[in-house]
There are 2 protein chains.
Amino acid sequence: MEISLNQDQLTKALNSCSRIATNKAGLPVLNNVLLRAEKNRVVVGATNLELASVSLIGAKITKQGSITVPAKLLSEYIANLPSGTIELSSKATTLHIKSGNYSLTLNGIDADEFPELPTIDEKESIHYSLNVQDYKQAISQTVFACSSDVTRPVLTGVFWNSYEGQLYLVGTDGYRLAERRLTATKSELAAIVPASTLQEVSRVIHDDTESIDVLFDETQVRFRVADTEITSRLIDGKYPDYRKLVPTNQATTAVVAHDDFVRVAKLASLFARNSGGSVNLTISDEKNNLTIQSVASELGENSSAIDAETHGEGKVSLNSRYLSEALAAIDSQQIYFGFSGALSPCVLRSSAKKPDYTHIIMPLKS
Amino acid sequence: MEISLNQDQLTKALNSCSRIATNKAGLPVLNNVLLRAEKNRVVVGATNLELASVSLIGAKITKQGSITVPAKLLSEYIANLPSGTIELSSKATTLHIKSGNYSLTLNGIDADEFPELPTIDEKESIHYSLNVQDYKQAISQTVFACSSDVTRPVLTGVFWNSYEGQLYLVGTDGYRLAERRLTATKSELAAIVPASTLQEVSRVIHDDTESIDVLFDETQVRFRVADTEITSRLIDGKYPDYRKLVPTNQATTAVVAHDDFVRVAKLASLFARNSGGSVNLTISDEKNNLTIQSVASELGENSSAIDAETHGEGKVSLNSRYLSEALAAIDSQQIYFGFSGALSPCVLRSSAKKPDYTHIIMPLKS
């Protein structure tokens, strides 16, 4: 292999690869990044057998060929070189890098030992072209609600599913649930994408990226962001039929200013740390307010009230962290908060008529 | 105690206290902050018995008195309240806080159990008034070179010492040494200030602070930043006579661009991680350059050359991290690097005629 290419482009391609390349499967070659010089481009690829990243870079190819070298080391080295042209040449399992007066010899592993990179049959797939800002927001609104409990694998992913002509993303850990409506769809989709894959995709999005292409086949999903494709297996299994768990009406409701709610949730959380994480929320129709209280028996007692547009009266106990995380995920100046008695799920969402994001939290028994 | 005061001012005062208040001495009251209402001001204080922070805040005092309450909890609570007036009242060991519709009851400890806060006799002390930017830079240039080895306590502090009419700050761990000339002085000073104290003082400096007052007596130092005074014990012991270790002349020297030197040191460090941290530096009078090489036997070999104004020829091995940290501390576009043979100390400093900062690194035996 003998090629010359641009430092900036190679840095971007290696950035994605270096995070995916790990030795967790016990194969040393998975620590490496694959460099393969074809006609007028270079394939830069890494895989951890569940997730693969492949970037294509334009390059001047003097001699075709391929090699694998340690991904993190190469990534850091290239990123710290001055901008300009870099020359790469390989001989057996050694890679030579030259840029001006900087030179590096790096020992690698034969490219034949590298696993085959996954492919998707584009004709047999479901395809979405998404606005990057919508995608990033939807991921940040749902991923945190996923479970990290590997004994229930379906809950460690985000459920992409179509319903009445709309595509929804859903995350739940069994105690709370986040649902985001993303875009209109004519296809029928029900696929569970690992949360870690979605976070990885968010990381490779550069500021100048505008759209992201997503392609599903039966067992895989592929995200294309600029010149990088990230392909991941889907999580096998049946997602819970969550729609019947989402309450349609709430007997007791309050609409409050987002900033006020965040503030009083934060104040209550300081004490909730010492009381098993529980905070009490009371809606008063008489006082037209929402009160949050937390009691830490040794430390003291905290109570904050904020003005609210109320309907009905009632009290419920919630996990303080779940409440704060839900509020952080809702992008709205006014928040709707509702429940029906102390034991049925609480609903948090924007106060808009047709909000695209709904968050459900199961109450604690107080 | 019954007082009302400004949220913003109390937040700033508690910010400093909450980091100092810890239970490390095994006394629960040291977790607490002291609030003491005097005539027309409130004393807000914390101590860990080595270091104390005291702030004075103007307040409306309805009833004098004092109490101690958990410092971190109060600090976070007050910081999250809306700006405006806060009312505090205490009854026995309970503190009530009220701000609009927010209220808190906090259990504390009687102020009588709180240790006496340290005082300094101003008349018997040496006094400096320092520019905040100079102070912060001097601290960041010397503290990192201090030792963390508690078996040699004098090296865990920065040595403030006068010499030929100038005040110098010095940090060393025995393998490297950083010396910063700070200001002219007519006093004779030789005092070792704990590195942790200096970092704490740097943290309480707000953007709008312009000067900082420093007062030394025989056993203590006090820093006054705006309304906050931080008082610390000095480290007992004799600092090494470091001046005779600093070489006055170097046989082999190079002057190089700061950015170039930082870049090649970084590239070499990537490989030095796998080779015991050692990098080789070679000055060539023939090629007028400085070359850095690092070899990690399994991974490969790295070599980078940068243009240099040279004098003499030679080679030396340095710890890669020490080199990078020294370069980061030197505030200059051109760096002077010199040594006399492979075993005597290397000197790094600005290329200016009378640089105010000098860094010494002992070479490794290669």
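Reply: A salt bridge here is a side-chain nitrogen of Lys or Arg within 4 Å of a carboxyl oxygen of Asp or Glu. The model is predicted.

Me: By this rule, how many salt bridges are there over all chains?
Reply: Side chains of opposite charge can pair when their charged atoms come close. Counted over all chains by the rule above, the salt bridges come to 30.

Me: How far apart are the closest N and O atoms of A:Arg203 and A:Glu200?
Reply: A:Arg203 and A:Glu200 are 3 residues apart in helix H4 (residues 195-204) of chain A, so about one helical turn separates them. A:Arg203 is partly exposed at a relative accessible area of 45%, and A:Glu200 is buried at 6%. The two form a salt bridge, with closest N and O atoms at 2.9 Å.

Me: Which residue forms a salt bridge with B:Glu325?
Reply: B:Glu325 is partly exposed, with a relative accessible area of 26%. The closest N and O atoms are 3.2 Å apart, and the partner is B:Arg321.

Me: Is B:His258 buried or exposed?
Reply: B:His258 is found in helix H5 (residues 258-272) of chain B. Among the residues it touches are B:Leu327, B:Ile330 and B:Ile335. Buried means under 20% relative accessible area. B:His258 has 14%, so B:His258 is buried.

Me: What relation does the rotation that superposes chain B on chain A have?
Reply: The rotation is 180 degrees with 0.0 Å of shift along its axis, and the RMSD is 0.0 Å. That is the relation of a two-fold axis.

Note on methods
Residues are numbered from 1 along each chain as its sequence is written. Chains are lettered from A and ligands numbered from 1 in the order in which they are written. This is a predicted model: local features need pLDDT of at least 70, side-chain atom pairs count only at pLDDT 80 or more; totals for chains, interfaces and linings use all residues. Side-chain values use heavy atoms; hydrogens and water are left out. Copies are superposed by least squares on the C-alpha atoms of residues with pLDDT of at least 70 in both. Helices (H or I, at least four residues) and strands (E, at least two) are DSSP runs, numbered from the N terminus. Buried means under 20% relative accessible area, exposed over 50%, partly exposed in between (1.4 Å probe, protein chains only). Contact means heavy atoms within 4.5 Å. Lists of a residue's contacts leave out its neighbours within four places in sequence.
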